[in-house]
Amino acid sequence: MPSPRTEPPHSEAGGHWYQQPILWLGVVVFVASMAGCAWIIVAGARSADIPLETSHTVFGVPATARSSHAPARPR
């Protein structure tokens with residue numbers, strides 16, 4: 001007499017998608033990164049962008065929108 005099957009019928013290789021722990025880890029990481037992005041946007045919107053009082057470049061980026069060169073003279 002064959003032995004009765006002791007495994008549930010849905011315990012095949014892999015199982016259901018919602019039973020995969022790596023999927024839930026991916027969902028948690030994705031949700032945490034989206035929440036972090038939203039928090040950075042809100043925090044950035046709350047703080048004022050105060051212009052720097054300097055005439056030199058900061059990290060290679062000019063502190064003002066004006067060019068340091070004189071405009072070309074028309075001919």
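The accessible surface of the protein comes to about 7800 Å². Carbon and sulfur atoms hold 66% of that area. The model is predicted.

The fold is quickly told. The protein has one helix and zero strands. Helix H1 covers residues 21-46, and Phe30 is found in this helix. How much of the protein counts as buried? Of its 75 residues, 0% do.

Next comes a nonpolar patch on the surface. Its members are Trp17, Tyr18, Ile22, Leu23, Trp24, Leu25, Val27, Val29, Phe30, Val31 and Met34. Together they have about 1100 Å² of accessible area.

Now the rings. A search of the whole structure finds two aromatic pairs. One of them joins Trp17 and Tyr18, and this pair is edge-to-face. A pair of aromatic rings is described by the distance of the centres and the angle of the planes. For Trp17 and Tyr18, the centres are 5.6 Å apart and the planes make an angle of 85°. That angle counts as edge-to-face because it is over 60 degrees. Trp17 and Tyr18 also form one aromatic cluster with Trp24.

How exposed are the two partners? The table gives their values.

| Residue | Relative accessible area | Class |
|---|---|---|
| Trp17 | 60% | exposed |
| Tyr18 | 43% | partly exposed |

Trp17 counts as exposed because its 60% is over 50%.

Technical notes: Residues numbered from 1 in each chain as written. Predicted model: local features only at pLDDT ≥ 70, side-chain atom pairs only at ≥ 80, totals over all residues. Heavy atoms only, no water. Patch = residues over 30% accessible without salt bridge, like charges linked within 9 Å, V, L, I, M, F, W, Y side chains within 5 Å. Areas by Shrake-Rupley, 256 points an atom, 1.4 Å probe, with all protein chains shown as cover. Salt bridge = Lys/Arg side-chain N within 4 Å of Asp/Glu carboxyl O. Helix = DSSP H or I, 4+ residues; strand = E, 2+ residues; numbered from the N terminus. Phe/Tyr/Trp six-rings, centres within 6.5 Å; stacked < 30°, edge-to-face > 60°. Buried < 20%, exposed > 50% of the residue type's maximum accessible area, 1.4 Å probe, protein only.
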